[in-house]
Amino acid sequence: MKGPPTRARRSSAPRRDAASKERERIRQLVHDLNTPLSALALQLFLRRRSQADATPQDLRFLEILDRNVERIRTIVASLAPPTPAAEAAPPIRPRRRATSTW
Amino acid sequence: MPRSRPRRRVILVVDDELDVLLPLADLLEKLMPNVKVYAAQSADEALLFLAQNTVDLVITDLRMPGLDGEHLLGVLNALRTRPASILMTGFPEPGTMFRCFNENRVGAIVTKPFDAVVMADTATRLLEARPVTGGVAA
């Protein structure tokens, strides 16, 4: 759309910038959290493979760690903002049936 | 006549995060038979290794100080025997993914935190699609 900026368009620009900065901040946060999560998940996997000599206490410890890593993983995944491609994708509309009986 | 044993496949893992690099290298060697895994803490270290050895698969992190994973993939393309490659990332950006698949011909992108078995399966699949060549000098 061309022409001089209307008052509404002018006032929405800073809001769009702020939203974009916030998305970028969360994206960065998700990225930064996923690396230590990987380290924990890999260590857990290694420990689980060598648990033949583990005591019941060790197993309980591993189970608690496992459960909480999974919990953090879910939280981080829910934080992830939609990617630009997903943001640009058109909204999904219900498709009309090919053989209409309406 | 006894058949000669096939050469051990060589994987090079590159990540500046030692807490990811070392357990990942350890796990891949445990999960994948007939594979030797080397670890490099930077792209520069990886390039030094690649200059002296034939590597079948490079698994690299995207974000690293200095030369990043995307640039390392670009350099791999210029090698005479280009290794297969896997890119690890904490957050896959569509632009980066597009460039890595189309320009840098990366074999797979794995998002952190990943399942060790999924990583080993992906590595096995890429190695199986590749003929055996060369070896490790050391």
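Biologist: Which residues does Ile86(B) touch, leaving aside those up to four places away in sequence?

Modeller: In this predicted model, Ile86(B) touches Leu57(B), Val58(B), Ile59(B), Thr60(B), Val106(B), Ala108(B), Val110(B), Met119(B), Thr122(B), Ala123(B) and Leu126(B).

Biologist: Which residues have the most contacts inside the largest nonpolar core?

Modeller: They are Ile11(B), Leu28(B), Leu57(B), Ile86(B) and Met119(B), in a core of 28 residues. Two or more residues each come from α1 (7-49) of chain A and, in chain B, from β1 (9-14), α1 (18-31), β2 (35-40), β3 (57-61), β4 (84-89), β5 (108-111) and α5 (116-128). Another core, of 19 residues, lies apart from this one and includes Ala46(B), Leu73(B), Leu76(B) and Leu87(B).

Biologist: Which residues of helix α2 of chain B are buried, and why do they line one face of the helix?

Modeller: Burial is judged by relative accessible area, with under 20% counted as buried. In α2 (residues 43-52) of chain B, Ala43(B), Ala46(B), Phe49(B) and Leu50(B) are buried. Viewed down the axis of α2(B), these residues fall within an arc of 120°, so they line one face. They pack against β1, β2, β3 and α3 (69-77) of chain B, whereas Leu48(B), Ala51(B) and Gln52(B) are exposed on the other side of α2(B).

Biologist: How many helices and strands does chain A have?

Modeller: Chain A has three helices and zero strands. Of its 102 residues, 18% count as buried. Its accessible surface comes to about 8300 Å², and carbon and sulfur atoms hold 59% of that surface.

Terms used: Residues numbered from 1 in each chain as written. Chains lettered and ligands numbered in written order. Predicted model: local features only at pLDDT ≥ 70, side-chain atom pairs only at ≥ 80, totals over all residues. Heavy atoms only, no water. Helix = DSSP H or I, 4+ residues; strand = E, 2+ residues; numbered from the N terminus. Buried < 20%, exposed > 50% of the residue type's maximum accessible area, 1.4 Å probe, protein only. Areas by Shrake-Rupley, 256 points an atom, 1.4 Å probe, with all protein chains shown as cover. Core = buried A, V, L, I, M, F, W, Y, C linked by side-chain atoms within 4.5 Å. Contact = heavy atoms within 4.5 Å. Arc of directions from axis to C-beta.
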